Amino acid sequence: MRQGLVSFLLFGLLLVGMACTPESKTRVIAHRGYWQTEGSAQNSIRSLERADEIGVYGAEFDVHYTADNVLVVYHDNDIQGKNIQTSNYEELKDLRLNNGETLPTLESYLKRACDLEIRLVFELKSHATPERNREAARASVEMIKRMGLEKRTDYISFNLDACKEFIRLCPDASVAYLNGELDPDALKEMGFTGLDYHYNVLREHPEWVEKCKALGLTTNVWTVNEPELIQEMADMGIDFITTDIPEEAREIVNTQTR
Ligand code: MG
């Protein structure tokens, strides 16, 4: 009898505890992977592995579509003087990143991701025409699905044509816009699941954080590399912080009391 009462009280306490659990804390995304660490380089396969090793939420990476339709992982438009989008893959394939890795194809990058657990934050770069942006988005989604990574991939882009294609092709995926000029209502209307803006945009519009929560949109800010700024964004209740210092950022958000 007494035991039953104790169990009942413990169960009650558990329910109260669940109801009082604070809203989820800010999570960290390694910008271009974790590259400021030995043996790594921006957007390298090693940067993906390192981001996975330190246990942050996600690794962000940038993708271009070559002239002959190969998706490659790299940030800048040019690599060693060659424009990626107007070059054939054959002209690029032997070029090396700063850590000695050859320029990764999306396929090789995703193959490695299949053995890891980290979330993939897939940025499709802007291409020359609306149609080329849509083609690149379609090829990207096809490869993510072929690798069975659709549940682990979030899409982001500065390009609206690419974003609209992601939204159309992947109604269950997270798709966030990077460019900063659309307000939460406009994003919701277009089918986005969140925003991923420069931190100054949310400093100018702090009310957008609550607005996004009310609309069920996620908030992400880039690229937040100062500890005080990481703290400020976490205190604002931002969902995700994209940063070049993921280990430090993780320590800061782990001590978050909100
Ligand atoms: Mg990027």
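Okay, let's start at the metal: the magnesium ion has as its protein donors Glu60 through OE, Asp62 through OD and Glu123 through OE, and they sit 2.0 to 2.1 Å from it. Donors here are N, O and S atoms within 2.8 Å of the metal (3.2 Å for Na, K and Ca), and water is not among the atoms, so sites may look incomplete.

Before I go on, a word on where this comes from. This is a predicted model, where local features need pLDDT of at least 70 and side-chain atom pairs count only at pLDDT 80 or more, while totals for chains, interfaces and linings use all residues. Residues are numbered from 1 along each chain as its sequence is written, and side-chain values use heavy atoms, with hydrogens and water left out.

Along the chain its donors follow the spacing E-x1-D-x60-E. So which strands hold Asp62 and Glu123? Asp62 is in strand S2, residues 58-65, and Glu123 is in strand S6, residues 119-124, so this pair links distant parts of the chain, 61 residues apart. When I say strand or helix, I mean DSSP runs numbered from the N terminus: helices are H or I with at least four residues, strands are E with at least two.

Are those two buried or exposed? Asp62 counts as buried because its relative accessibility is 0%, and Glu123 is buried too, with a relative accessible area of 5%. The cut-offs: buried is under 20% relative accessible area, exposed is over 50%, and partly exposed is in between, using a 1.4 Å probe and protein chains only.

What does Glu123 touch? Leaving out residues up to four places away in sequence, Glu123 touches Glu60, Phe61, Asp62, Val63, Ile156, Phe158 and Leu178. Contact means heavy atoms within 4.5 Å.

Now for the helices. In general, two packed helices are described by the angle between their axes and the distance between the axes. Here, helix H4 (residues 106-114) packs with helix H5 (residues 130-146) at about 30°, with the axes 10 Å apart. The axes are lines fitted to C-alpha atoms, for helices over the stretch in contact, and angles run from 0 to 180 degrees between N-to-C directions. H4 and H5 are therefore roughly parallel to each other; that label covers angles under 35 degrees, with over 145 roughly antiparallel, 65 to 115 roughly perpendicular and the rest oblique. From H4, the contact uses Leu106, Glu107 and Leu110, and from H5 it uses Met143, Ile144 and Arg146. By class, that gives four nonpolar, no polar and two charged residues. For the classes, Ala, Val, Leu, Ile, Met, Phe, Trp, Tyr, Cys and Pro are nonpolar, Asp, Glu, Lys and Arg are charged, and the others, Gly among them, are polar.

Most residues other than glycine have a negative phi. Arg32, though, has a positive phi of about 60° without being a glycine. Arg32 is in the loop between strand S1 (27-30) and helix H2 (45-53), and it is buried, with a relative accessible area of 16%. Asn69 also has a positive phi, about 65°, and is not a glycine. Its place is the loop between S2 and strand S3 (71-73), and Asn69 is partly exposed at 44% relative accessible area.

Last, the overall picture: the chain has eleven helices and eleven strands, and buried residues make up 49% of its 258 residues.
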